[in-house]
Amino acid sequence: MALYAAIVGWGMSVPTRVVTNAELSTLVDTSDEWIQSRTGIRERHIISNGESTSTLAVAASRDAMAMAGVTAADIDMVIVATFTPDRPLPATACRVQAALGITNAAAFDIAAACSGFVYGLTVATSLIQTGAAKRILFCATDVVSHFVNWTDRNTCVLFGDGAGAVILEATDQPYGLLSSDLGAAGDREELLMVEAGGTCLPLTPDVLATDKRFLTMNGREIFKLAVRAMEVSSLAALQKANLSLADIAVVVPHQANRRIIEAIAERMAVPIQQFYINVERYGNTSAATIPMALTEAAAEGVIQHDTNILLTAFGGGLTWASAVVRWGVPVQRLPVHGQAKTERSAE
Ligand code: COA
(Lines give C-alpha, C1' and ligand atoms only; values in the text may rest on other atoms or scores of the structure.)
Protein backbone atom coordinates (compact mmCIF):
# COMPACT_ATOMS: atom_id res chain seq x y z
CA MET A 1 0.00 0.00 0.00
CA ALA A 2 1.33 3.44 -0.91
CA LEU A 3 2.26 5.59 2.05
CA TYR A 4 1.84 9.34 2.04
CA ALA A 5 2.63 12.17 4.46
CA ALA A 6 -0.45 14.37 4.80
CA ILE A 7 -0.13 17.94 6.01
CA VAL A 8 -2.48 17.86 9.01
CA GLY A 9 -1.55 21.16 10.68
CA TRP A 10 0.13 24.42 9.70
CA GLY A 11 1.12 27.76 11.15
CA MET A 12 3.36 30.78 10.74
CA SER A 13 5.04 33.45 12.78
CA VAL A 14 6.79 36.73 12.03
CA PRO A 15 8.63 39.16 14.32
CA THR A 16 6.61 41.95 15.87
CA ARG A 17 8.71 44.77 14.41
CA VAL A 18 7.62 45.97 10.96
CA VAL A 19 10.10 47.85 8.77
CA THR A 20 8.48 49.84 5.98
CA ASN A 21 10.03 50.97 2.72
CA ALA A 22 9.86 54.53 4.06
CA GLU A 23 12.00 53.52 7.05
CA LEU A 24 14.57 51.87 4.75
CA SER A 25 14.79 55.03 2.70
CA THR A 26 16.23 56.73 5.79
CA LEU A 27 19.07 54.15 5.82
CA VAL A 28 19.99 53.88 2.12
CA ASP A 29 19.40 55.85 -1.08
CA THR A 30 16.09 54.24 -2.11
CA SER A 31 12.38 54.98 -2.18
CA ASP A 32 9.06 53.28 -1.59
CA GLU A 33 8.30 53.80 -5.27
CA TRP A 34 11.53 52.06 -6.43
CA ILE A 35 11.13 49.11 -4.08
CA GLN A 36 7.45 48.54 -4.84
CA SER A 37 7.85 48.86 -8.60
CA ARG A 38 10.94 46.56 -8.76
CA THR A 39 9.96 43.98 -6.15
CA GLY A 40 6.34 44.39 -5.03
CA ILE A 41 7.53 44.60 -1.41
CA ARG A 42 5.89 47.19 0.91
CA GLU A 43 7.20 46.08 4.28
CA ARG A 44 8.98 43.25 6.09
CA HIS A 45 9.26 41.99 9.68
CA ILE A 46 12.65 42.08 11.41
CA ILE A 47 13.57 40.45 14.73
CA SER A 48 14.14 42.45 17.92
CA ASN A 49 13.97 41.97 21.71
CA GLY A 50 15.05 38.37 22.16
CA GLU A 51 13.45 37.01 18.98
CA SER A 52 15.55 34.52 17.01
CA THR A 53 15.31 31.81 14.37
CA SER A 54 14.05 29.30 16.95
CA THR A 55 11.58 31.60 18.71
CA LEU A 56 9.85 32.21 15.37
CA ALA A 57 9.94 28.47 14.65
CA VAL A 58 8.45 27.62 18.04
CA ALA A 59 5.57 30.08 17.62
CA ALA A 60 4.75 28.74 14.14
CA SER A 61 5.07 25.14 15.38
CA ARG A 62 2.70 25.70 18.32
CA ASP A 63 0.01 26.87 15.89
CA ALA A 64 0.64 23.91 13.56
CA MET A 65 0.45 21.45 16.48
CA ALA A 66 -2.76 23.01 17.79
CA MET A 67 -4.37 22.83 14.37
CA ALA A 68 -3.32 19.20 13.98
CA GLY A 69 -4.65 18.43 17.46
CA VAL A 70 -1.36 16.85 18.50
CA THR A 71 0.76 17.24 21.61
CA ALA A 72 4.52 17.02 22.07
CA ALA A 73 4.18 13.31 22.85
CA ASP A 74 2.66 12.65 19.40
CA ILE A 75 5.72 13.84 17.43
CA ASP A 76 8.62 11.50 16.70
CA MET A 77 10.81 13.76 14.56
CA VAL A 78 11.61 17.48 14.37
CA ILE A 79 13.18 18.90 11.22
CA VAL A 80 14.10 22.54 10.71
CA ALA A 81 15.06 24.06 7.36
CA THR A 82 17.21 27.14 7.83
CA PHE A 83 20.42 28.79 6.68
CA THR A 84 20.36 31.14 9.68
CA PRO A 85 20.58 28.81 12.70
CA ASP A 86 20.41 30.09 16.29
CA ARG A 87 23.94 28.76 16.80
CA PRO A 88 26.52 26.75 14.80
CA LEU A 89 25.92 23.96 17.34
CA PRO A 90 23.44 22.49 18.18
CA ALA A 91 20.99 22.23 15.31
CA THR A 92 18.12 24.70 15.64
CA ALA A 93 15.75 21.71 15.50
CA CYS A 94 17.13 20.58 18.87
CA ARG A 95 16.36 23.98 20.40
CA VAL A 96 12.84 23.89 18.93
CA GLN A 97 12.39 20.36 20.26
CA ALA A 98 13.48 21.43 23.74
CA ALA A 99 11.31 24.55 23.78
CA LEU A 100 8.25 22.52 22.82
CA GLY A 101 8.99 19.64 25.21
CA ILE A 102 9.08 17.08 22.40
CA THR A 103 11.15 14.56 24.31
CA ASN A 104 10.71 11.39 22.28
CA ALA A 105 11.95 12.53 18.87
CA ALA A 106 14.94 12.81 16.58
CA ALA A 107 15.90 16.36 15.60
CA PHE A 108 18.08 17.80 12.85
CA ASP A 109 18.44 20.74 10.45
CA ILE A 110 18.68 20.89 6.71
CA ALA A 111 20.10 23.81 4.73
CA ALA A 112 18.97 24.55 1.20
CA ALA A 113 18.47 28.32 1.54
CA CYS A 114 15.26 29.57 -0.09
CA SER A 115 14.51 26.09 -1.47
CA GLY A 116 14.59 24.69 2.08
CA PHE A 117 10.87 24.11 2.50
CA VAL A 118 10.48 22.00 -0.64
CA TYR A 119 13.74 20.14 0.02
CA GLY A 120 12.66 19.51 3.62
CA LEU A 121 9.16 18.43 2.64
CA THR A 122 10.75 15.88 0.34
CA VAL A 123 13.12 14.61 3.05
CA ALA A 124 10.40 14.47 5.71
CA THR A 125 7.95 12.69 3.40
CA SER A 126 10.62 10.15 2.47
CA LEU A 127 11.33 9.46 6.15
CA ILE A 128 7.64 8.80 6.72
CA GLN A 129 7.50 6.58 3.64
CA THR A 130 10.43 4.47 4.85
CA GLY A 131 8.82 4.10 8.29
CA ALA A 132 11.59 6.04 10.05
CA ALA A 133 8.99 8.46 11.41
CA LYS A 134 5.22 8.60 11.74
CA ARG A 135 4.52 12.20 12.60
CA ILE A 136 7.01 14.98 11.87
CA LEU A 137 7.10 18.59 12.92
CA PHE A 138 8.77 20.35 9.99
CA CYS A 139 9.52 24.02 10.30
CA ALA A 140 11.17 26.38 7.81
CA THR A 141 12.52 29.42 9.57
CA ASP A 142 14.98 32.13 8.64
CA VAL A 143 16.26 35.36 10.10
CA VAL A 144 17.78 36.71 6.91
CA SER A 145 18.21 40.12 8.55
CA HIS A 146 21.14 38.63 10.49
CA PHE A 147 23.17 38.59 7.25
CA VAL A 148 21.79 41.76 5.67
CA ASN A 149 24.11 44.68 5.03
CA TRP A 150 21.92 47.65 5.99
CA THR A 151 24.12 49.99 3.92
CA ASP A 152 23.66 47.98 0.67
CA ARG A 153 20.52 49.11 -1.15
CA ASN A 154 20.87 46.28 -3.66
CA THR A 155 20.01 43.68 -1.02
CA CYS A 156 18.65 45.22 2.19
CA VAL A 157 15.27 46.09 0.69
CA LEU A 158 14.53 42.50 -0.38
CA PHE A 159 14.57 40.38 2.77
CA GLY A 160 12.63 39.77 5.98
CA ASP A 161 12.40 37.29 8.85
CA GLY A 162 9.75 34.65 9.46
CA ALA A 163 8.82 31.01 10.03
CA GLY A 164 6.24 28.53 8.79
CA ALA A 165 5.58 25.06 10.18
CA VAL A 166 3.66 21.97 9.15
CA ILE A 167 2.80 18.69 10.83
CA LEU A 168 3.25 15.72 8.49
CA GLU A 169 1.51 12.48 9.32
CA ALA A 170 1.66 9.00 7.78
CA THR A 171 -1.48 8.01 5.87
CA ASP A 172 -2.53 5.66 3.09
CA GLN A 173 -4.68 8.44 1.60
CA PRO A 174 -3.12 10.44 -1.29
CA TYR A 175 -2.51 13.71 0.53
CA GLY A 176 0.63 15.76 1.05
CA LEU A 177 3.60 15.55 -1.28
CA LEU A 178 2.74 13.76 -4.55
CA SER A 179 6.03 14.50 -6.33
CA SER A 180 9.04 16.74 -6.19
CA ASP A 181 11.90 17.86 -8.39
CA LEU A 182 15.08 19.07 -6.69
CA GLY A 183 18.20 20.57 -8.25
CA ALA A 184 21.38 22.45 -7.46
CA ALA A 185 24.28 24.21 -9.17
CA GLY A 186 27.04 24.47 -6.58
CA ASP A 187 29.41 25.96 -9.12
CA ARG A 188 27.40 29.22 -9.10
CA GLU A 189 27.63 29.94 -5.37
CA GLU A 190 29.12 33.39 -5.94
CA LEU A 191 25.81 34.67 -7.31
CA LEU A 192 24.17 34.56 -3.87
CA MET A 193 26.21 33.88 -0.77
CA VAL A 194 27.53 34.83 2.65
CA GLU A 195 31.24 34.34 2.07
CA ALA A 196 32.56 34.56 5.64
CA GLY A 197 31.57 33.09 8.98
CA GLY A 198 32.23 29.41 8.30
CA THR A 199 35.39 27.30 8.42
CA CYS A 200 36.53 28.48 4.99
CA LEU A 201 36.75 32.13 5.98
CA PRO A 202 36.41 32.56 9.75
CA LEU A 203 35.31 35.85 11.27
CA THR A 204 38.72 37.28 12.18
CA PRO A 205 38.91 41.00 13.00
CA ASP A 206 40.22 41.62 9.44
CA VAL A 207 37.31 39.78 7.86
CA LEU A 208 34.80 41.48 10.16
CA ALA A 209 35.99 44.81 8.79
CA THR A 210 34.86 43.79 5.28
CA ASP A 211 31.45 43.14 3.71
CA LYS A 212 32.18 39.41 3.47
CA ARG A 213 30.08 38.54 6.52
CA PHE A 214 27.00 39.87 4.72
CA LEU A 215 24.78 38.39 2.06
CA THR A 216 25.91 39.44 -1.42
CA MET A 217 24.03 38.89 -4.64
CA ASN A 218 24.09 39.40 -8.38
CA GLY A 219 20.45 40.44 -8.65
CA ARG A 220 20.08 40.50 -12.42
CA GLU A 221 21.66 37.08 -12.94
CA ILE A 222 19.68 35.54 -10.07
CA PHE A 223 16.48 36.96 -11.54
CA LYS A 224 17.04 35.27 -14.90
CA LEU A 225 18.20 31.95 -13.48
CA ALA A 226 15.39 31.85 -10.93
CA VAL A 227 12.66 32.30 -13.53
CA ARG A 228 14.07 29.63 -15.81
CA ALA A 229 14.85 27.09 -13.07
CA MET A 230 11.45 27.41 -11.40
CA GLU A 231 9.66 26.99 -14.72
CA VAL A 232 11.64 23.90 -15.73
CA SER A 233 11.46 22.23 -12.33
CA SER A 234 7.74 22.98 -11.97
CA LEU A 235 7.07 21.13 -15.21
CA ALA A 236 9.32 18.26 -14.07
CA ALA A 237 7.45 17.94 -10.76
CA LEU A 238 4.12 17.92 -12.60
CA GLN A 239 5.36 15.21 -14.94
CA LYS A 240 6.52 13.06 -12.01
CA ALA A 241 3.04 13.38 -10.47
CA ASN A 242 1.45 12.46 -13.81
CA LEU A 243 -0.41 15.75 -13.77
CA SER A 244 -0.51 18.82 -15.99
CA LEU A 245 -0.87 22.52 -15.21
CA ALA A 246 -4.60 22.13 -15.85
CA ASP A 247 -4.81 19.94 -12.74
CA ILE A 248 -3.28 22.61 -10.51
CA ALA A 249 -5.64 25.03 -8.76
CA VAL A 250 -3.08 27.20 -6.98
CA VAL A 251 0.63 27.88 -7.43
CA VAL A 252 2.46 28.85 -4.24
CA PRO A 253 5.87 30.11 -5.33
CA HIS A 254 8.85 31.22 -3.26
CA GLN A 255 8.14 34.87 -2.48
CA ALA A 256 11.33 36.68 -3.49
CA ASN A 257 10.03 39.30 -5.85
CA ARG A 258 6.64 39.92 -7.47
CA ARG A 259 8.27 40.45 -10.88
CA ILE A 260 9.94 37.03 -10.75
CA ILE A 261 6.55 35.45 -9.99
CA GLU A 262 4.91 37.38 -12.84
CA ALA A 263 7.65 36.25 -15.24
CA ILE A 264 7.11 32.58 -14.25
CA ALA A 265 3.35 32.95 -14.70
CA GLU A 266 3.88 34.38 -18.16
CA ARG A 267 6.33 31.68 -19.24
CA MET A 268 4.06 28.91 -17.99
CA ALA A 269 0.96 30.65 -19.41
CA VAL A 270 -0.80 30.39 -16.05
CA PRO A 271 -2.98 33.39 -15.05
CA ILE A 272 -1.23 35.39 -12.33
CA GLN A 273 -4.47 35.16 -10.29
CA GLN A 274 -3.69 31.46 -9.77
CA PHE A 275 -0.45 32.38 -7.98
CA TYR A 276 -0.71 33.07 -4.26
CA ILE A 277 1.37 36.16 -3.48
CA ASN A 278 2.02 37.81 -0.11
CA VAL A 279 5.56 39.14 -0.71
CA GLU A 280 4.29 42.71 -0.27
CA ARG A 281 3.95 42.22 3.51
CA TYR A 282 6.95 40.04 4.34
CA GLY A 283 9.66 40.39 1.68
CA ASN A 284 11.84 37.35 1.04
CA THR A 285 11.95 35.27 4.25
CA SER A 286 13.99 32.52 2.52
CA ALA A 287 12.83 28.98 3.40
CA ALA A 288 9.85 30.37 5.31
CA THR A 289 8.07 32.04 2.38
CA ILE A 290 6.22 28.97 1.11
CA PRO A 291 4.83 27.64 4.42
CA MET A 292 3.87 31.20 5.40
CA ALA A 293 2.05 31.60 2.09
CA LEU A 294 0.37 28.19 2.50
CA THR A 295 -0.82 29.18 5.98
CA GLU A 296 -2.31 32.46 4.76
CA ALA A 297 -3.79 30.87 1.62
CA ALA A 298 -5.50 28.22 3.77
CA ALA A 299 -6.81 30.83 6.21
CA GLU A 300 -8.28 32.79 3.30
CA GLY A 301 -9.86 29.67 1.78
CA VAL A 302 -7.71 29.97 -1.36
CA ILE A 303 -6.52 26.40 -0.75
CA GLN A 304 -8.95 23.87 0.63
CA HIS A 305 -9.44 20.17 1.13
CA ASP A 306 -8.41 18.33 -2.08
CA THR A 307 -6.77 21.39 -3.70
CA ASN A 308 -3.81 20.43 -5.91
CA ILE A 309 -0.99 22.90 -5.31
CA LEU A 310 2.26 23.49 -7.17
CA LEU A 311 5.16 24.75 -5.04
CA THR A 312 8.30 26.16 -6.62
CA ALA A 313 11.40 27.74 -5.13
CA PHE A 314 14.89 28.99 -5.95
CA GLY A 315 17.74 30.15 -3.76
CA GLY A 316 21.38 30.24 -2.75
CA GLY A 317 23.46 27.22 -3.55
CA LEU A 318 22.27 27.65 -6.13
CA THR A 319 19.31 25.42 -5.37
CA TRP A 320 15.84 25.02 -6.82
CA ALA A 321 12.92 22.78 -6.00
CA SER A 322 9.32 22.24 -7.06
CA ALA A 323 6.61 19.97 -5.73
CA VAL A 324 3.04 18.92 -6.27
CA VAL A 325 1.05 18.77 -3.04
CA ARG A 326 -2.52 17.67 -2.43
CA TRP A 327 -3.88 19.70 0.47
CA GLY A 328 -6.18 18.03 2.93
CA VAL A 329 -6.44 16.19 6.23
CA PRO A 330 -7.42 12.52 5.82
CA VAL A 331 -10.65 11.47 7.53
CA GLN A 332 -8.87 8.58 9.25
CA ARG A 333 -5.96 9.90 11.30
CA LEU A 334 -3.21 8.20 13.23
CA PRO A 335 -4.02 7.94 16.93
CA VAL A 336 -2.90 10.95 18.90
CA HIS A 337 -1.79 11.01 22.52
CA GLY A 338 -4.54 9.79 24.83
CA GLN A 339 -6.99 9.02 22.05
CA ALA A 340 -7.70 5.87 20.09
CA LYS A 341 -8.44 7.50 16.74
CA THR A 342 -9.31 11.00 15.64
CA GLU A 343 -11.68 12.13 12.96
CA ARG A 344 -10.90 15.08 10.76
CA SER A 345 -12.56 18.22 12.05
CA ALA A 346 -13.96 20.63 9.46
CA GLU A 347 -11.06 22.74 8.18
N1 COA B 1 16.78 51.65 -4.55
C2 COA B 1 17.09 52.43 -5.59
N3 COA B 1 17.90 52.04 -6.58
C4 COA B 1 18.43 50.81 -6.50
C5 COA B 1 18.15 49.93 -5.43
C6 COA B 1 17.30 50.41 -4.44
N7 COA B 1 16.96 49.66 -3.38
N8 COA B 1 18.79 48.77 -5.64
C9 COA B 1 19.46 48.88 -6.79
N10 COA B 1 19.24 50.11 -7.32
C11 COA B 1 19.77 50.69 -8.53
C12 COA B 1 21.01 50.00 -9.00
O13 COA B 1 22.11 50.52 -8.33
C14 COA B 1 21.02 50.33 -10.47
O15 COA B 1 21.55 51.62 -10.61
P16 COA B 1 22.60 51.95 -11.77
O17 COA B 1 21.86 51.64 -13.05
O18 COA B 1 22.89 53.39 -11.56
O19 COA B 1 23.75 51.03 -11.52
C20 COA B 1 19.52 50.44 -10.82
O21 COA B 1 18.83 50.50 -9.58
C22 COA B 1 18.99 49.28 -11.64
O23 COA B 1 19.50 48.08 -11.14
P24 COA B 1 19.05 46.71 -11.75
O25 COA B 1 19.88 45.63 -11.14
O26 COA B 1 18.95 46.78 -13.21
O27 COA B 1 17.54 46.63 -11.22
P28 COA B 1 16.55 45.46 -11.45
O29 COA B 1 15.38 45.93 -12.21
O30 COA B 1 17.24 44.21 -11.94
O31 COA B 1 16.09 45.13 -9.98
C32 COA B 1 16.53 43.59 -8.21
C33 COA B 1 17.04 44.79 -8.99
C34 COA B 1 17.55 43.23 -7.17
C35 COA B 1 15.21 43.99 -7.54
C36 COA B 1 16.28 42.41 -9.18
O37 COA B 1 17.42 42.20 -9.97
C38 COA B 1 15.92 41.17 -8.47
O39 COA B 1 14.89 41.08 -7.85
N40 COA B 1 16.76 40.12 -8.56
C41 COA B 1 16.52 38.86 -7.87
C42 COA B 1 16.91 39.00 -6.43
C43 COA B 1 16.37 37.90 -5.59
O44 COA B 1 15.19 37.65 -5.60
N45 COA B 1 17.24 37.25 -4.82
C46 COA B 1 16.88 36.21 -3.95
C47 COA B 1 16.57 34.99 -4.70
S48 COA B 1 16.18 33.70 -3.61
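**Entry 1: second pocket, lining by class**

I sorted the lining of the second largest pocket by residue class and got 14 nonpolar, nine polar and five charged residues. This is a predicted model, and I read every entry here with that in mind. For volume, I noted about 720 Å³ in the second largest pocket. The lining comes to 28 residues. I then asked which of them sit closest to the centre of this pocket. They are Asn154, Leu158, Met217, Gly219 and Arg220.

**Entry 2: second pocket, by element**

Next I looked up which element gives the largest share of this lining. It is H8, with six residues. Helix H8 spans 219-240. I listed the elements that supply at least two residues each. Besides H8, they are helix H2 (32-39), helix H6 (153-156), helix H9 (258-268) and strand S12 (308-315). Domain 1 (4-177) and domain 2 (179-327) each put at least three residues into the lining of the second largest pocket.

**Entry 3: largest pocket**

I turned to the largest pocket and noted a volume of about 970 Å³. Its lining has 36 residues. Nearest its centre I found Phe83, Thr84, Phe147, Val194 and Ala196. By class, I have 20 nonpolar, eleven polar and five charged residues in this lining. Strand S9 (residues 192-194) gives the most, with three residues.

Domain 1 (4-177) and domain 2 (179-327) both do, so the largest pocket lies between them.

**Entry 4: the two domains**

I went back to the domain assignment of the chain, which gives domain 1 as 4-177 and domain 2 as 179-327. Over C-alpha atoms, I have 14 Å between the centres of the two domains. Their contact takes 47 residues from domain 1 and 49 residues from domain 2.

How much area do domain 1 and domain 2 bury between them? I noted about 3900 Å². Of that buried area, 66% is on carbon and sulfur atoms. I also looked for salt bridges between domain 1 and domain 2, and the count is zero.

**Entry 5: to keep**

I keep two pockets on the page. The largest, at about 970 Å³, lies between domain 1 and domain 2.

Note on methods: Residues are numbered from 1 along each chain as its sequence is written. This is a predicted model: local features need pLDDT of at least 70, side-chain atom pairs count only at pLDDT 80 or more; totals for chains, interfaces and linings use all residues. Side-chain values use heavy atoms; hydrogens and water are left out. On a 1 Å grid over the protein atoms alone, a cavity is a set of points where a 1.4 Å probe fits but cannot get out, and a pocket is an open set with protein on both sides within 12 Å along at least five of seven lines; lining residues have an atom within 4 Å of a point. Grid points are joined across faces, edges and corners, and a volume is the space filled by probe spheres set on the points. Helices (H or I, at least four residues) and strands (E, at least two) are DSSP runs, numbered from the N terminus. Ala, Val, Leu, Ile, Met, Phe, Trp, Tyr, Cys and Pro count as nonpolar, Asp, Glu, Lys and Arg as charged, and the others, Gly among them, as polar. Domain bounds come from an automatic or database domain assignment. Contact means heavy atoms within 4.5 Å. Buried area is the accessible area (1.4 Å probe) that two parts lose on being put together, summed over both. A salt bridge is a side-chain nitrogen of Lys or Arg within 4 Å of a carboxyl oxygen of Asp or Glu.
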